[in-house]
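Work through these exercises with the sequence and the 3D view side by side. Try each task before you read its solution.

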Amino acid sequence: MPDRRDEPSAGPEPSGEALFGTAAGEYARYRPGVPDGAVRLLAATLHGVPAPVLLDLGTGTGQVPRALLPVVPRMAHVNLVDVNQQMLAQATAELEPLLGACTVTAYAGEAHTFAPRILSQRADLVTCCRAFHWMDRPAVLKMADRVAAPHAAIAVMGDGSLWTHDADWTVALRALIQNYLGEGRRAGTRGTYTEPGRSYEDDLAASAFSDVSEHRFPLTRVWTPESVIGYLRSTSFARPALFADRHQAFEAEARRLLDAHARSGTLREEAVFTVLLARRPGTAS
């Protein structure tokens, strides 16, 4: 299952503008994408669907549709859902060169409040990548049951974060962040992280999409000190506003730390990207 240790306390989404502010540029440039194996798995759920409709929840800068559109060129429509207007604007701009005949609708609001503008345009695939923890998950799954086609799959995806990874350089970086912000992992506008009440598997098992399979994709990521600094600006645990007037000092110290740990200018992360693929019982292909 997706590593939940990089999540804030459970509950409805905070304001996207308050939490991530103007981080859309850092998201688009520095957030890791969706691994090829996971993209192929998602594309396979649409086999035999002539004009698929994708609903991407917590889309951020549109990483999931950006990965899927070249693999599923017959995609007919993409619904982007996010609480952050700047993220949606960035996602729309990033998708434009890939669309062809595909159309896009951007919905600014909490995921569980989404309703398609065209009621007959039911989603064939519902995706949520590294964002399910911000949401009212039972309400989101009820919404998905209303708007998804009978054969539709839901994919809840994620990996850890540089906070949870245990390489020498990430442990040192985490300690530096704690030196500035305190021992507890900061969780955006809500204070510090607390363990969520139940797993994603339990959320799905209690929903209409209770036929769940887990798919794990091990991968190696190669970072540079610059890309790590950019990534940190896009996170809830190290976003610039948390440091106030100490942010410039933190970044300078973090850069020195990362340079000291880098080998030939790079830093390695061994991660596992996990996809929980869920369907209504009796509909798996």
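Contact means heavy atoms within 4.5 Å. This is a predicted model, in which local features need pLDDT of at least 70 and side-chain atom pairs count only at pLDDT 80 or more, while totals for chains, interfaces and linings use all residues. Residues are numbered from 1 along each chain as its sequence is written, and side-chain values use heavy atoms, with hydrogens and water left out.

**Exercise 1. List the contacts of Met75, leaving aside its neighbours within four places in sequence.**

Step 1. Select Met75 and skip the neighbours within four places.
Step 2. Read off the partners: Leu46, Pro52, Val53, Leu54, Leu68, Leu69 and Cys102.

**Exercise 2. Find the residues that touch the most other members of the largest nonpolar core.**

Step 1. Know the term. A nonpolar core is a set of buried Ala, Val, Leu, Ile, Met, Phe, Trp, Tyr and Cys residues joined through side-chain atoms within 4.5 Å. Buried means under 20% relative accessible area, exposed over 50%, partly exposed in between (1.4 Å probe, protein chains only).
Step 2. The core has 31 residues; Leu68, Met75, Met157, Phe273 and Val275 touch the most other members.
Step 3. Elements giving two or more residues include α3 (36–44), β5 (148–158) and β7 (267–279). Helices (H or I, at least four residues) and strands (E, at least two) are DSSP runs, numbered from the N terminus.
Step 4. α3 gives the largest share, five residues.

**Exercise 3. Give the strand order of the open sheet of seven strands.**

Step 1. Two strands pair if DSSP finds at least two bridges between them.
Step 2. The order is β3-β2-β1-β4-β5-β7-β6, with mixed pairing.
Step 3. β3 (103–108) and β6 are the edge strands, as each pairs on one side only.
Step 4. Look at β4 and β5. They pair in the parallel sense over six bridges. Thr127 stands opposite Ala155 in β5.

**Exercise 4. Arg130 and Ala244: is each one buried or exposed?**

Step 1. Locate them. Arg130 lies in the loop between β4 and α6. Ala244 lies in the loop between α10 (240–243) and α11.
Step 2. Check phi. For Arg130 phi is near 55°, a positive value in a residue other than glycine. Ala244 has a positive phi of about 50°, although it is not a glycine.
Step 3. Arg130 has 18% relative accessibility, so it counts as buried. Ala244 has 58%, so it counts as exposed.
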